[in-house]
Amino acid sequence: MRLLNRSAGRLSRHRRGPLAGLLVLLLGLILTGTVYAAFSPASATKAGKSDEELIQQGRELFLVGCAFCHGQNGEGVKSSKGQYGPSLVGVGAAAVDFQVGTGRMPMQQPGQQALAKKKVYTDEEIQALAAYVASLGPGPAIPDESEYSLEGLSEEEQREAITKGGQLFLTNCTACHNFDGSGGAMPNGKFAPSLKGVEKRHIFEAMLTGPQQMPVFSNDVLHPEDKAAIIAYLKSTEDTPEYGGFGMGGLGPVSEGMFAWLVGIGSLVGFAFWIASHTVRSKKKTAPTEGTEA
Amino acid sequence: MSSENLTSSVADTNAGEPAAAKKGNPAGKVANWADERLGLATLAKKNLRKVFPDHWSFMLGEIALWSFVVLLLTGVFLSLWFKPSMAEVEYMGSYDQLRGVPMSEAYASTLDISFDVRGGLLMRQMHHWSAMLFIAAMLVHMMRVFLTGAFRKPRELNWVIGGLLILLGILEGFAGYSLPDDLLSGTGLRIADGLVKATPVLGTYMSFFMFGGEFPGDDIIPRLYIVHVLLIPGLLLALIGAHMLLLVFHKHTQWPGPGRTEKNVVGYPMLPVYAAKAGGFFFIVFGVTALMGGLLSINPVWKYGPYDPSKVTAGSQPDWYMGIAEGLLRIMPGIETHLWGHTLSWNVFIPGQLMPIVLLMIVLSWPFLEAWVTGDKREHHLLQRPRNAPTRTAFLAAMMSIYGLLWAAGGNDILAVIFHLNLNHITYFMRVAVFVVPVLVFILTRRWCISLQRSDEARLLHGYETGIIMRSPEGGYTERHLPVSEASAYTLTARQRDQVYDAGADADANGVSRDGSRIARIRARLSRGMFENNVQKPTAAEIEDAHHHADEVHELEHAMEGHSADGHQFDGRHPVDGEELRNH
């Protein structure tokens, strides 16, 4: 007690010292900071979460949801029949964002191809998973919005980019995805999915990482601005009205032929039936005349 | 001289005033004016009253005819703006996504028709839809003619003309499909190029001749244009004219029935009834085509982009009428032979050249084949019900199943995407199915027809089912059958009995084989196969016998009249007005 008193007395001797005010201010700030940190909501800490924490969170999620097929360290699992889940070393954050963000991963069931479905993880969880997978080896990162949008270009430049994107689309994409982006078949039950209503970021990532059957169009092969042009073209076709009327699925002549038969011939034969079933209507009762043909 | 004197062409009297209508009908005046110069009245008198029989299936050919008229009308409109040139231009029209892209003039003018010519897109779409309907209607019409035996003597040549019309229609459609020079047309032409090149030895020469050099060259669009707007339409018009002249000359066939014979036609006259019906039908066909052209997008060329041999799109299919050729190509295994540095592409030659020719030959030769087997040299103006020619009906059903399967095989990628199927599995399935399914369909349809013949026979011999259930004194239940009306009995029996051809003995009494006995045996075999199992109509004696039997039963029951069980008064043989159930 005396010791405390003595030291307090020694401290109090400095209470009017030139540095005292500064020191108290500093102590106060530290205290409030600590208390705030202890009681503030969890999300507020996220923003400041370090990469290591994110990776750690991603790893935990990975062990629960992905490791069964992709291995505990993302090294891939080989089944007796060949690959079970491929190695994720070097696929990059973009691949995770595409596969998990479109609901393709985690896969519902093994099959020829992972199907897009409602996504299972929240955006933060996908970020964490992406950070973890990205930490396994260098790979393409999640693109920034400036990479896949035409923002910042003049109207004329945007229009030119869309035209160019259309030509690039016809050259590189339609062989599998169809001229209208409505998708097409691939051998052995695989298929190129429809591109209608797909988010710009996901289209960009798909080109960048080449998911499933798709070839990789790396940024060296197809420059980011070309990718952005293709995306802009696709979005512009979604915005343009169907000039010709109902598009019947945008599948080409097969559905057109079906409509020609079902709607066209179907209704015309129906009309023929209708005409033939209506006999002559006249005031006089006319019996069918028998024409003895000369 | 008064002007009235001039109205009579020849003066037959020197009297003052010739007889003239009090008030001249202006239409009559015009008609008279024309008749005096053209002499059409004699021709018209006969033909305006020409009688046509009334049945919905007789109007199927009309759909094709009116579609052709729509094609001519819309085609003329399109030809005013279309530029059949493969010269390269830079597109500067209204469609944003292609502005500034280099393309052929043909494609650019198609885009202009679609976006910058008022009503152009509607006309383009109507033209395309009516082309699809034209060929579809011709096929449906052909099926009707085939199923009812309307191709028999004297109409075999008209059948052949019809077959040629379908062939020309398909070629015309393909030429039109290739004209816009978009990615899809170019891909179609590439396949046509492949088909031509698959001709052994001559293939490459023919291809270079066709395209004026290596594919695609810059000659093919102008050449196809002349074929599309001049050559084939001219042939089509001529053949349609011949087809209809023969129709008038032969008179229309009719369904058998009371009062209808091989020597008359029962129906309504051309004017006013058929002129109204057929004219009205034209407007309906035009209206349906216009609705489809206005509401349903067909061949959106702007989405395909200009043709470039290095590009292709998923869902590249021909229009439906080429679907079977596409299907044959898609399911054919890749067989090739290499001989002295030459490749014989059986995988393209067989499905692309051989099979279509074989198919066409079968179609064109059927009337002659059938006439040879039956040996029937008589004229036939009364139609047959499909069930009364079971083998023929089954043959058509089998052909339809092949057609449908090949058509589906031609769209295998679309099926795979829509129904989540494996593309390879569809192809393997089709390779087997095109051989198995038609056989099954043939057997099934044939037996089905024969069963229907049996049911007709039962109606004739035992009467129709009245729906009246009678309880016998023993407690058994029977359904009352009553004889069909005379008219329907006549209609059911208005057909000829099939005669199975018998080749006779192979060798005569001295053991010398007869000339042509092998061919006769083939004919006998076919004849047995076609007619042996058919149910022939009962003879008059058989019907008499059956009715007699029914009357006997009735006689037996008659004894119970008055004291039969309650309800027997409703057995369908007596008028039941005022009848009541006895109350006891």
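Chain B and chain A bury about 5,700 Å² between them, with 67% of that area on carbon and sulfur atoms. Keep in mind that this is a predicted model. In terms of contacts, 73 residues of chain B meet 59 residues of chain A.

**Between the chains**

So what holds charge against charge here? The rule finds two salt bridges across the interface of chain B and chain A. A:Asp180 and B:Lys303 meet through their side chains in a salt bridge, at 3.2 Å from N to O.

Sorted by class, the side of chain B that touches chain A has 46 nonpolar, 17 polar and 10 charged residues.

**Inside chain B**

Chain B is split into domain 1 (55-257 + 272-330 + 339-364) and domain 2 (385-498 + 534-573). Their C-alpha centres lie 40 Å apart. The contact involves 23 residues of domain 1 of chain B and 21 residues of domain 2 of chain B.

Which residues form a salt bridge here? The side chains of B:Asp413 and B:Arg330 do, at 3.1 Å from N to O. Between domain 1 of chain B and domain 2 of chain B there are also six residue pairs in polar contact, both at pLDDT 80 or more. On the domain 1 side, the elements giving two or more residues are H5, helix H12 (323-331) and helix H13 (346-374) of chain B. H12(B) provides the largest share of that side, six residues. By class, the side of domain 1 of chain B that touches domain 2 of chain B has 13 nonpolar, seven polar and three charged residues.

**Inside chain A**

For chain A, the domain assignment gives domain 1 (51-136) and domain 2 (145-239). Their centres, taken over C-alpha atoms, are separated by 24 Å. Domain 1 of chain A puts 13 residues into the contact and domain 2 of chain A puts in 14.

Which three residues supply 49% of the area that domain 1 of chain A buries against domain 2 of chain A? They are A:Phe98, A:Gln112 and A:Gln113, more than any other three residues. The count of salt bridges between these two domains is one. A:Asp97 forms a salt bridge with A:Arg201, with the closest N and O atoms 2.7 Å apart. Four residue pairs are in polar contact between domain 1 of chain A and domain 2 of chain A, both at pLDDT 80 or more. The side of domain 1 of chain A that touches domain 2 of chain A has six nonpolar, five polar and two charged residues.

Elsewhere in chain A, the unreviewed UniProt entry annotates residues 258-276 as "transmembrane region". That span is 100% helix and 0% strand, and its end C-alpha atoms lie 26 Å apart.

**The buried areas together**

| Parts | Buried area | On carbon and sulfur atoms |
|---|---|---|
| Chain B and chain A | about 5,700 Å² | 67% |
| Domain 1 and domain 2 of chain B | about 1,900 Å² | 71% |
| Domain 1 and domain 2 of chain A | about 1,100 Å² | 54% |

Conventions. Residues numbered from 1 in each chain as written. Chains lettered and ligands numbered in written order. Predicted model: local features only at pLDDT ≥ 70, side-chain atom pairs only at ≥ 80, totals over all residues. Heavy atoms only, no water. Contact = heavy atoms within 4.5 Å. Buried area = accessible area lost by both parts, 1.4 Å probe. Salt bridge = Lys/Arg side-chain N within 4 Å of Asp/Glu carboxyl O. Nonpolar A, V, L, I, M, F, W, Y, C, P; charged D, E, K, R; others polar. UniProt positions renumbered as here; feature names shortened; annotations may be inferred. Helix = DSSP H or I, 4+ residues; strand = E, 2+ residues; numbered from the N terminus. Domains from an automatic or database assignment. Polar contact = N/O pair within 3.5 Å; in protein donor to acceptor, adjacent residues only side chain to side chain.
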